[in-house]
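Welcome, and thanks for taking a look at this one with me. Please have the sequence and the 3D view open while you read.

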Amino acid sequence: MISKVNSTNTFETDVLVIGSGAGGAVTASVLAKKGIDVTLIEEGSHYSPADHSPYSSIGMAKLYRQHGVTPILGKPSIAFVEGCCVGGSTEINSGLFHRTPDETIENWQRTSDIAEFTHDNMEPYFKELEKKLNISYLDGVLPKSSEIIKSGAESLGWKCVEVPRAQKNCTGINLCSIGCPMGAKQSMSVTYIAEGLKNGIKLIQRSKVVKLETEKNRIHTVNAISNGDNGKQKFLRIKANDIFVCCGAIQTPALLRKSGLKRNIGENLKLHPTIKITALMNEEVNAIQSTVPVFQVFEFAPEIVIGGSVFSLPYTATGLSDCWGEAQEKMELWNRMVTYYALVRSSGKGKVRAFPSAENYAFSYYKTTKKDHRNLSIGLARLGQLFFAAGAKELYPTISGHPPFKKVDECLVYLEKNIPLKRSGLLTIHIFSSCPMGENKNISATNSFGKVWDYDNLYINDASLFVDALGVNPQGTIMAIALRNINHYLSNRKN
């Protein structure tokens with residue numbers, strides 16, 4: 001049900017959840033299932049699978065923040081995209097699902113003194129999620145786009161694994177990044193949020209929270225601006241006993257800092273700087289007609305991971321734009337093309353800030369480190385090596401003015417020297433760690449379960465809580481930590 005704001009634009013709820021992505025959807029749904037009065041507020045709109053369009057520009061306008069143009073400032077700037085709709089980025093990702101690597105759990109627990117955070121603690125939450133989201137491997141004949149990465153890795157003797165996905169009856173129509181019109185991808189809108197609405201969640205869509213009003217050690221009022229169907233705005237004041245901020249690793253710290261909360265908030269942004277190559281193969285691939293490649297290379301993990309990217313004509317043209325002089329005539333051979341990426345774990349720390357007077361703008365900054373630069377160079381070399389091992393004819397890297405790679409030795413030079421960073425088109429879809437959890441108050445923004453230090457009724461439950469860059473796709477970890485934290489909250493909640 002969509003809640004209606006009363007004439008005074010002020011209302012009360014027991015628990016307010018801000019943001020409806022992987023963390024917020026789980027939080028709100030679990031609370032509603034327990035019979036708690038929950039309001040879920042989301043900046044974007046609520047779409048059903050039938051509302052999704054097969055056209056990239058329409059899908060990005062509907063589902064992405066700022067139509068997909070959200071740079072992380074730095075040297076160089078890094079292109080970043082995130083969802084801005086009910087379901088958040090789960091509506092635009094590929095649904096690839098990793099458990100948190102055991103070595104990562106052990107490292108986070110050790111460096112940040114996180115209570116009750118071990119493999120055994122997390123195991124039941126991952127099992128619950130895998131059942132709920134139908135986490136499963138690709139069924140049927142392996143698409144050529146997936147076969148390329150698998151065969152190339154096998155010929156080189158590299159570790160390569162299939163990553164399961166949150167999917168049910170996937171038909172491989174390759175529209176994951178702009179909203180699945182079949183509802184096959186088990187995003188939050190068709191799973192946790194759909195169930196939560198049946199259990200009584202009050203959903204307020206197209207409404208952006210702009211400030212939390214504090215008094216001593218409590219949040220007493222949440223202020224938001226709502227955008228109606230007629231384009232008119234109205235001001236909302238929401239009073240809640242407890243507030244969960246689940247807006248993601250940029251919007252969460254931006255909101256908190258704008259509200260005057262700064263203790264270890266927005267000071268530790270981590271990400272996966274990523275570089276891509278589009279390959280022209282010697283045979284037809286028809287990547288546009290299949291799901292995103294489901295194999296990833298972990299030979300160089302956890303620092304470097306190679307995987308398959310979304311492939312469509314608009315995305316491909318964008319990827320080739322850095323080499324457009326030589327690549328534009330090759331667009332007619334799109335059915336022989338496929339795009340893969342090399343992502344690296346960031347080694348530096350970025351920052352998140354919000355302009356005090358701006359309602360809709362947060363900005364982030366990350367300076368690529370020497371280690372990042374070296375790993376990106378190695379990642380590009382290994383990515384090119386993989387493509388040529390799989391039979392590629394020419395490779396087009398996302399480096400402005402760079403000539404195509406036509407033989408493997410041209411790629412492997414970057415094992416020894418660095419790519420021209422200023423001309424490299426870097427991107428990321430994975431960001432985290434801007435409000436890290438743990439019991440060490442010197443470095444953490446919250447306790448081990450997401451409760452913000454010094455506030456009795458304020459919690460964070462999203463990727464902001466990560467201690468460091470994960471090295472794998474983060475949705476599984478976000479949701480498992482959210483389940484863990486909300487169960488802890490329920491066990492300590494005073495009715």
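Predicted model: local features only at pLDDT ≥ 70, side-chain atom pairs only at ≥ 80, totals over all residues.

1. The values below are computed from its atoms.

2. Let us begin with the charged side chains. Side chains of opposite charge can pair when their charged atoms come close. In this model the count of salt bridges comes to 21. The next points walk through a few of them.

3. Start with Glu43 and Arg65, whose side chains form a salt bridge with an N to O distance of 3.0 Å. Glu43 belongs to the loop between β2 (38–41) and α2 (56–63), while Arg65 belongs to the loop between α2 and β3 (79–80), so the pair ties together parts that are 22 residues apart in sequence. Are these two partners buried or exposed? Glu43 counts as partly exposed because its relative accessibility is 25%. Arg65 is buried, since its relative accessible area is 9%.

4. Next, find Lys351 and Glu267, which meet in a salt bridge at 2.8 Å, N to O. Here strand β16 (residues 351–354) supplies Lys351, and the loop between α7 and β11 (270–271) supplies Glu267, so the bridge ties together parts that are 84 residues apart in sequence. Both ends are partly exposed: Lys351 has a relative accessibility of 40%, and Glu267 has one of 27%.

5. A further salt bridge joins the side chains of Glu303 and Lys371, at 3.9 Å from N to O. The cut-off for a salt bridge is within 4 Å, so this pair is counted. Glu303 sits in the loop between β13 (295–297) and β14 (304–308), and Lys371 sits in helix α10 (residues 370–389), so the pair ties together parts that are 68 residues apart in sequence. Glu303 is partly exposed at a relative accessible area of 22%, and Lys371 is partly exposed at 44%.

6. Through salt bridges that share partners, Glu43, Arg65, Glu82 and Lys208 are joined into one network.

7. Now for the rings. How many aromatic pairs does the structure hold? There are 11 aromatic pairs. In one of them, the ring centres of Trp158 and Phe300 are 4.9 Å apart and the planes meet at 80°, so the pair is edge-to-face. This pair links distant parts of the chain, 142 residues apart: Trp158 is in the loop between α5 (144–156) and β5 (160–162), and Phe300 is in the loop between β13 and β14. Trp158 is buried, with a relative accessible area of 11%.

8. Two other ring features deserve a look. Trp108, Phe117, Phe432 and Phe466 make up one aromatic cluster. Elsewhere, Lys132 has its charged end over the ring of Tyr192, at 5.0 Å from the ring centre.

9. Finally, turn to Ala254, a residue of helix α7 (residues 248–258). Ala254 counts as buried because its relative accessibility is 5%. Which residues does Ala254 touch, not counting residues up to four places away in sequence? The contacts are Val352, Arg353, Ala354 and Ala362.

Terms used:
Residues numbered from 1 in each chain as written. Heavy atoms only, no water. Helix = DSSP H or I, 4+ residues; strand = E, 2+ residues; numbered from the N terminus. Buried < 20%, exposed > 50% of the residue type's maximum accessible area, 1.4 Å probe, protein only. Contact = heavy atoms within 4.5 Å. Phe/Tyr/Trp six-rings, centres within 6.5 Å; stacked < 30°, edge-to-face > 60°. Lys NZ or Arg CZ within 6 Å of the ring centre and 35° of its normal.
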